[in-house]
Amino acid sequence: MTLFPFETAEAVSEREAGQVQPVQPEKLSSNPIENMSLKGAILSGHDGALRVVDGDTLAIGAVKIRLHGIDAPEMSQSCSDMRGDIWACGAWSKAVLERLAVGAIACVEKDRDRYGRSVAVCYGAEGDLNAKMVRAGAAYAYAKYSRDYVVDEEAARAGGHGLWRAASQPPAEYRAEKRTAVAPQMPPSDCAIKGNISGSGKLYHMPGGRWYEGTRINVASGERWFCSENEARAAGWRKAKG
């Protein structure tokens, strides 16, 4: 299993550069984790079954764990490759973590986030899974909260691994855009005509019109909804063009 989608996230096509060598993770051992302090750690198997939620979130039993210091693409997020094609980088990042999080896993909590999740560094028999995700180019170093994996990100970027082979939007920026997206304004009952007041005067916008979706009604400023065009015209509004 490669760590980037075939014919999407490669820096160049195989026709141009020969066989592209994917980044392969080290295979994690299924033997018990050794040479680390497990005091207070959350252990797969012992504390419940391990489940991968997305590229930076695990669950062990009932405990949801956000991987410390990294930020992976959201499951709904897509990225563009070097050819301009769209690929599901969020789903791919999750698949990489599923490949890495095998065998015995121990998560050492460092903090709790505002959602009540354990923020932890998770280890397999061969090391830090958080670091492995960043080095594979399947997640970014979340430098806003920790610089622990900045060097790993620099290595992934220099090697053109994973997301660094493609044009991807940082997950934090993607989430911010989703939060600020304007939700559709719902009309009262069946009166869906928008009576807007602008520099062009009092205009009404019909559903399906060019400016309808982008028009917001502010009742406090004298704008209103109309149930029919006759009602709008009688009130002094004229129909918007387009």
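Tutor: Happy to. Start with the largest pocket: α5 gives the most to its lining, with four residues. Helices here are DSSP runs of H or I with at least four residues, strands are runs of E with at least two, and both are numbered from the N terminus. Keep in mind that the model is predicted, so local features need pLDDT of at least 70 and side-chain atom pairs count only at pLDDT 80 or more, while totals for chains, interfaces and linings use all residues. Residues are numbered from 1 along each chain as its sequence is written, and side-chain values use heavy atoms, with hydrogens and water left out.

Student: What makes a space a pocket, and how much space lies in the largest pocket?

Tutor: On a 1 Å grid over the protein atoms alone, a pocket is an open set of points with protein on both sides within 12 Å along at least five of seven lines, whereas a cavity is a set where a 1.4 Å probe fits but cannot get out; a lining residue has an atom within 4 Å of a point. The largest pocket holds about 790 Å³, where grid points are joined across faces, edges and corners and the volume is the space filled by probe spheres set on the points. It is lined by 30 residues, and closest to its centre are Arg 66, Arg 117, Tyr 142, Tyr 145 and Arg 175. Elements giving two or more residues to this lining include β4 (63–67), β8 (106–112) and α5 (171–180).

Student: Which classes make up the lining of the largest pocket?

Tutor: There are 15 charged residues, 12 nonpolar and three polar. Asp, Glu, Lys and Arg count as charged; Ala, Val, Leu, Ile, Met, Phe, Trp, Tyr, Cys and Pro as nonpolar; the others, Gly among them, as polar.

Student: Why is Trp 92 called buried?

Tutor: Buried means under 20% relative accessible area, exposed means over 50%, and partly exposed is in between (1.4 Å probe, protein chains only). Trp 92 has 7% relative accessibility, so it counts as buried. This residue is in helix α2 (residues 89–100). Its C-alpha is 9.2 Å from that of Asp 54, though 38 residues separate Trp 92 and Asp 54 in sequence.

Student: How do you know that Cys 79 and Cys 89 form a disulfide?

Tutor: The rule asks for a pair of cysteine sulfur atoms within 2.5 Å. The sulfur atoms of Cys 79 and Cys 89 are 2.1 Å apart, and the pair is a disulfide. With 70° about the S-S bond, this link is right-handed. Cys 79 lies in strand β6 (residues 79–80) and Cys 89 in helix α2, so the pair ties together parts 10 residues apart in sequence.

Student: What about Cys 107 and Cys 122?

Tutor: A disulfide joins them too, S to S 2.1 Å. Cys 107 lies in strand β8 and Cys 122 in strand β9 (residues 118–124), so the pair ties together parts 15 residues apart in sequence. Cys 107 counts as buried because its relative accessibility is 0%, and Cys 122 is buried, with 0% as well.

Student: And how many disulfides does the rule give?

Tutor: Three. Another joins Cys 191 to Cys 227, S to S 1.7 Å. Here Cys 191 is in the loop between α5 and β12 (193–198), and Cys 227 is in the loop between β14 (224–226) and α6 (229–234), 36 residues apart.

Student: Why is Cys 227 called partly exposed?

Tutor: Its relative accessibility is 44%, so Cys 227 counts as partly exposed, whereas Cys 191, at 13%, counts as buried.
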